[in-house]
Amino acid sequence: QDSAVTFLDTPGHAAFRSMRESGTHAADVIVLVVAADDGVSPQTIEILNFYKSIVKEAGGGAISLVVAMTKIDKPGIDADEAEQRIEYQLLEHGIMTENMAAGTSDEPEYGPPVQLFRVSGMTGEGLDDLVEGLVLQSEIMDLRADEKARGEGIVMDARIEKGLGVVADCIVRWGSMSRGDVVVSGLNMGKIKVLKDVNDKTLKMGMPSQPVRVLGFESLPKAGDPLVCVASEDIAEKLIKRRENLMMTTGESSSPRQNTENEAEFQVTGTASKTAIMTGMAEKRYDIEDTDLQQIRIPVIIKADADGTLAAVRESLMEIGDTSTLDLLVDPVGTGIGAILNTDIALAKQSGAHIYSFGLKSLNDRNTLSLAASEGVTIHSHDVIYSLLDDAKDAFAQYMPPTPVETVHGKATIQAVFDINNKKDAERIAGLSVTDGTLYKQKADGGSKVHYRVIRDGTRISPEGETVTATSLKKVKDDADSVRRGDECGLGLSGFHDFEKGDIIECYTIEMKHSFV
């Protein structure tokens, strides 16, 4: 009998933790991907903790786990050794593989023993065995769903697409859903106008475990929220009202629903009134009399292609602030899904914020980008989370107090010491052999003033601080502005004359630079 397997591929970067958690709750079987060379990583442990929490709360039949060991054909990898190492690493976290269970009477701490498959992403080796194992696992779990019941599912991600409005990617978990059904997710509702599959083909009906693309929500649902079909719009409104009242009584907070039809229109046309409102919000936000001068506030505007990635980027940027040794507050003055708008530029200019754009390189309008350049607004646009976070760290550093940074430009060894008697006064000159880099007389490349220190037997013997400078630098008999590695030269210093053969001379600069601390 033919079987279909739906894979939910979640990003591995630490920034996408909430997205991985949503995927875990939407799945029947977790495929834990572990690289043969890396073994169990922090993200692996994170997924294991999700799995164990579900097993602890709902029992071992609620969800299953299989392990896929990848990179088995990477040069230098011993697959047998890697499998054994990974099995013991999993055992440390209460997970036992079937291979290990065969040789012991001990019961696993969490759930039944799990299958481990060796797979190669390069050649496809082992993938058929993995799929067969997943089908077998589903039969053991006796997974069933009532296809005639009202549809239920989970929102995996949601975004606003120009010309389409709200687009929600969902997994059907129970029953079925079709065009015309009224759906509710969190405090958001709508009527399904279009239902599509993962290949963007229109569906008549979404069935259990099938991934579907839902068009028709009036407002943007949150990734990870449950989705249910109800009998009518009146019931949907009552359900949302009940949820809102419950949230008020329990003290939970939630963003108010926004009508995306107006938002979609605004994206196309733009309005002066909207710009004025956004600008006013920024003025009110930053016109604060009692400002904590010790705290460094970094305003940011975040735009992303979907709800899940927006939440991940927002959380990651704020976590950068938490890693600083200073009192750093990363303040998202604006967030949104979809291309950067003129109002984002206005808000950024008024608040002094940089705009961080993720997954939108092909969507951002040229005219908007030109406006940003003319208004002096900086946009950091990336499609890779690592690059965005590295870029953000460099940008955040500019808000921090500058710190002195030393750069050693050259080193030399004293070969001889000469006493020169001039008409004005006597001068002691060190005869040097430049062993590394370049020695400068006054200024290094870039214009920074150079200083010197003298080191003997690993200890600095010249005065501390930046008081020792060059009075003369000669190559053969000619004055020189710089001397490179491999050359010999004569050097006179102000503030130090007690040279000895074998001393080490270092030429360095001190610059005040902004760096993330």
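**Entry 1: what I am looking at**

I note that this is a predicted model, in which local features need pLDDT of at least 70 and side-chain atom pairs count only at pLDDT 80 or more, while totals for chains, interfaces and linings use all residues. Residues are numbered from 1 along each chain as its sequence is written, and side-chain values use heavy atoms, with hydrogens and water left out.

**Entry 2: S362 and helix α11**

I placed S362 in the loop between β14 and α11. Helices here are DSSP runs of H or I with at least four residues, strands are runs of E with at least two, and both are numbered from the N terminus. I also looked up the spacing of S362 and A339: they are 23 residues apart in sequence and 9.0 Å apart in space, C-alpha to C-alpha.

Which residue caps the N-terminal end of helix α11? I found D365 there, with a side-chain oxygen 3.0 Å from the backbone nitrogen of N367. The helix covers residues 366-375. After α11 comes G376, and its phi is positive, near 75°.

**Entry 3: the sheet**

I traced an open sheet of four strands in the order β13-β12-β14-β15, with parallel pairing. Two strands pair if DSSP finds at least two bridges between them. At the edges I have β13 (328-337) and β15 (379-382), each of which pairs on one side only. From one strand to the next, the twist averages 25°. Axes are lines fitted to C-alpha atoms, for helices over the stretch in contact, and angles run from 0 to 180 degrees between N-to-C directions.

How many bridges join β12 and β13? I have nine on record for this parallel pair, β12 being residues 296-304. One position I checked is P299, whose bridge partner in β13 is D331.

I then looked for what lies across the strands. Helix α12 (residues 385-397) lies across β12, β13, β14 (354-358) and β15, and runs at about 170° to β14. Contact means heavy atoms within 4.5 Å.

**Entry 4: cysteines**

I searched for disulfides and the whole structure has zero. A disulfide is a pair of cysteine sulfur atoms within 2.5 Å. C170 is in none, and the nearest cysteine sulfur, that of C229, is 9.5 Å away. I also looked up the accessibility of both: C170 is buried at a relative accessible area of 3%, and C229 is buried at 8%.

**Entry 5: salt bridges**

How many salt bridges does the structure hold? I have 25. Each is a side-chain nitrogen of Lys or Arg within 4 Å of a carboxyl oxygen of Asp or Glu.

- D142 and R144 form a salt bridge with their closest N and O atoms 2.9 Å apart. D142 is partly exposed at 46%, whereas R144 is exposed at 68%.
- E375 and K349 meet at 2.5 Å, N to O. E375 lies in α11 and K349 in helix α10 (residues 342-351), so the pair ties together parts that are 26 residues apart in sequence. E375 is partly exposed, at 31%.
- K411 and E506 have their closest N and O atoms 3.7 Å apart. This pair links distant parts of the chain, 95 residues apart: K411 is in strand β16 (residues 403-421) and E506 in strand β24 (residues 504-513). K411 is partly exposed at 32%, but E506 is buried at 10%.

I also noted a network: salt bridges with shared partners join R159, E161, D169, K196, D200 and R213.

**Entry 6: T97**

Where is T97? I found T97 in the loop between α3 (79-91) and α4 (98-101). T97 is buried, at 1% relative accessibility. Its side chain is joined to that of E87 by a polar contact of 2.9 Å. A polar contact is a pair of N or O atoms within 3.5 Å; within protein, one must be able to donate a hydrogen and the other to accept it, and residues adjacent in sequence count only if both atoms are side-chain atoms. Leaving aside neighbours within four places in sequence, I list E87, L90, P113, V114 and L116 as the contacts of T97.

Note on methods
Buried < 20%, exposed > 50% of the residue type's maximum accessible area, 1.4 Å probe, protein only.
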